[in-house]
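User: I would like to learn how to read a structure like this one, feature by feature. Could you start with the terms and then show me each case?

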Amino acid sequence: MSAAIRDLSNMVRRCLLTFKLFRIFVAGVGFFSLCFLMTSLGGQLSARRPGDPPFTARAEVLGGPESRGVLRKISDMLEVIMKRMDTLSKLGNTTDTHRLDELSSALDRIQPAGLVQRIQALAQNMTDMAMRVEQILQRSVATNRVRDGILGQCEVPKDPRYPDCPSKVDWMRARWTSDPCYAFYGVDGSDCSFLIYLSEIEWFCPPLAWRNETVAPTNKPLPKKQAAFRSDIGALLEQVGAGKESLSFMKRRMRRLAAQWASAARRLDDRLRSRWREQKRILVHVGFLTEESGDVFSPKVLKGGPLGEMVQWADIFSALYVLGHDLKISVSLKELQGFLGVPPGRGSCPLTGPLPFDLIYTDYHGLQQMKHHMGLSLRKHKCHIRVIDTFGTEPPYNHEEYATLRGYRTNWGYWNLNCKQYMTMFPHTPDNSFMGFVAEELNETERLHIQKNKVDNMALVYGKEASMWKGKEKSLAILHRYMEVHGTVYFETQRPPEVPAFVKNHGLLPQQELQQLLRKAKLFIGFGFPYEGPAPLEAIANGCVFLQPKFNPSHSSLNHEFFRGKPTSRKVSSQHPYAEQYIGRPHVVTVDFNNSQEFDRAIREIMSTKVEPFLPHEFTCEGMLERLHAYIQNQDFCTPEAPFPPANASRPGPTGGAHSPFVHLPDSSVLVWDYNASSPVSWPPLSALRLLSSVEGQSCVEACQCAGLVCEPAFYRFVNVREAFSELDLECEGVESEMNHLFPAFSAEHAECSLQKDALLFSCAGASDKYQRLCPCRDYRRGQVALCRDCL
């Protein structure tokens, strides 16, 4: 078929050369030229589904038996036309009118009945391709004009600065037709076009001297603009769009919280004293809502499906917009391609221009979609990406080579990002950045109303799906002895059998009605699933006590199906570890539900305890705004960071000996940065650094927590030096550098100090009985664990 297509393409070119002599040919068969030009490109300019093979066209366009029959008829017809044209071109003594009459007669004789109508039907599916084909033709003509004069200058260069150039040219010779994006950029099968592409669009070959005048000028950076806080979200709601129940849910939430966002923005603006903030160009692409990823969430919004992710994304939209940034929102692959400037084809080529965004917020689905459609540009621009990742991604899973060699490879992860580019729902792993979400705040009138109207013997069960109630009969029976039990379990016609008869089931409730139920209930109880959702925070904010099960042993990817395949080794000690660790009693009670006596005592304790509504600052609108503002203005993963100092070098002091950049805190084994030493630029600032060593078998997350601090992976590059060991009284007989996510660390058994060889593997997580780890910790703001005291 491909040989026939090439023959037909050659016929079309011959037709075009006689265009001026045979104008009637354009009217009669010009459309055939368009059809066969697109066919010669492998059908790739048609509206293909992502993932189709390179030369698969949509069945309704070119793939059916009828279409193939039409193509054969067109082929036969063109062959007759070409033979007739060859004959006519030799009749030099006849008039133009006679030639045109002859050609018209030939066309009339070979046109089968109904063929034009069928061609017109096919044309309806190709109207959106005409513009792209025109661009390709223009590029091809321009290339041909230049090529005549420079064929001799297109030898493949052997430049040691571009060692991959010859192999890339060989690849292009063999595979340039595998993706129409190469033709879009002017590649036509000649070595000249390969070299132009590989030197100007990609960067594997040196610039061509004779192309200096044709190379596009370097794009100048756009002038920086000041971001101004916004209070009206009307324009944002229009951007979010409609057509999906998930989007409708998000917009309802955004409208409901609009006044709180506006008030929080005014307070933060006052605290920042109207400090100049750069307005960023930001793309938010919600990959899991695209049709290409299956969009499994939208159909479940009204059937008890998980809403935590949509709560978080709605709050991300609002926070970025209220902070005053230039925001674009994408929930489809077509929108993503349009915003990024993706060339037509299968995604093998870079973007058509510079990245039009300073930041891109997406999820793992969106990251995979960008990889497929951005080609080499993803590698170049991935430092701009922030991945919304509910449960987190730890460094050994993120580092592709290390994950493959050491058995950490999963379905997710292995993107070789800086792990701070992953942004989580809760601050459960300091290797990542904490994005979070917000819970509704109460005014003083609402707080007093709640305290006055609480029903001390009313409990509400956390679980909208009937499966979450299965096997909980024993605990529910104990709870029913003391309290009236309510539920919000989804059902269509019949009450779910998993829900006991004594439970008053309200079915799924709109957010405002659920809010009213939480304001009456004294107890909000979870039975172990879902993990780490937003609902417990909302219940605590409405004056409920959250009762949850303790997991013994802790749940992790090693022993629990839910976490298997997730890129983290984190051990989850309860249904909601954040609530257990950062809030605790009296608002959060964590007990062993398998111990009936302990469970019974907890119920009676809760009934007799008075609690007020409580919401940590980091889950308020103002808290999320200040956290996101700090990230946007200070996190920079695009500027390369040199090791400080080189991995295993010592720095000479004033007297010639080794000089340590650390000093001890008074009466403490903890080290801080020496203010008399040079202080390189860092965020968080080095003034927040507190360096200590863990005990054997302890992670840096745990070691820093024991000291009332938070592990800070951004500081690892400053403590990955041999002086850190001696200042912590860890005597090394030898110092080695190695790729290991537990390093830098000290082995007491061998008196050996190990430094980290790859910065992507700096990790707060992970522990071993063989090592004492060096742990860079920092202080944190009260109610805002993501930020140090000097970070805002």
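Analyst: Gladly, and let's begin with burial: a residue is buried under 20% relative accessible area, exposed over 50%, and partly exposed in between, with a 1.4 Å probe and protein chains only. Helices (H or I, at least four residues) and strands (E, at least two) are DSSP runs, numbered from the N terminus. This is a predicted model, in which local features need pLDDT of at least 70 and side-chain atom pairs count only at pLDDT 80 or more, while totals for chains, interfaces and linings use all residues. Residues are numbered from 1 along each chain as its sequence is written, and side-chain values use heavy atoms, leaving out hydrogens and water.

User: What is pLDDT, and what does the protein chain average?

Analyst: pLDDT is the predictor's confidence in each residue, from 0 to 100. The protein chain averages 83, and 77% of the residues score at least 70. Residues 121–125 stay under 50, and the model has 6 contacts for them beyond four places in sequence; contact means heavy atoms within 4.5 Å. Residues 145–152 are also below 50, with 6 contacts beyond near neighbours in sequence.

User: Now a helix, please. Which residues are buried in helix H8?

Analyst: An α-helix has 3.6 residues a turn, so residues three or four places apart point the same way. In helix H8 (residues 165–175), the buried residues include Cys165, Val169 and Met172. These residues are on the same side of H8 because they cover an arc of only 60° around the axis, the arc being that of the directions from the helix axis to the C-beta atoms. Among the elements that cover the buried residues of H8 are H9 and helix H10 (191–201).

User: How many disulfides does a search of the whole structure find?

Analyst: A disulfide is a pair of cysteine sulfur atoms within 2.5 Å, and the search finds 9 of them. One joins Cys181 to Cys349, with an S to S distance of 2.0 Å. This pair links distant parts of the chain, 168 residues apart: Cys181 is in helix H9 (residues 180–184), and Cys349 is in the loop between helix H14 (333–340) and strand E3 (359–362). The torsion about the S-S bond is 75°, a right-handed link. Cys181 has a relative accessible area of 0% and is therefore buried; Cys349 is buried too, at 0%.

User: Which hand does the link of Cys732 and Cys753 have, and why?

Analyst: Their sulfur atoms are 1.6 Å apart. The torsion about the S-S bond is about -80°, so this disulfide is left-handed. Cys732 lies in the loop between helix H28 (722–727) and strand E18 (734–738), and Cys753 lies in strand E20, so the pair ties together parts 21 residues apart in sequence. Cys732 is partly exposed because its relative accessibility is 29%, whereas Cys753 is buried at 0%.

User: How do I read a sheet?

Analyst: Two strands pair if DSSP finds at least two bridges between them. Here an open sheet of 6 strands has the order E2-E1-E3-E4-E5-E6, with parallel pairing. Its edge strands, E2 (326–330) and E6 (433–434), each pair on one side only. Strand E1 (residues 281–285) is joined to E2 by 5 bridges in the parallel sense, and Val284 stands opposite Ile329 in E2. For an antiparallel case, look at E16 and E21, joined by 5 bridges. There, Leu691 has Pro776 of E21 as its bridge partner. Strand E16 (residues 689–693) is mostly covered, with 4 of its 5 residues buried.

User: Finally, which residues is Ile632 in contact with, leaving aside its neighbours within four places in sequence?

Analyst: Its contacts are Lys280, Ile282, Leu320, Leu323, His325, Leu359 and Tyr361. Ile632 is found in helix H25 (residues 621–634), and is buried because its relative accessible area is 5%. Another way to read its setting is by C-alpha distance: Ile632 and Arg277 are 9.5 Å apart in space and 355 residues apart in sequence.
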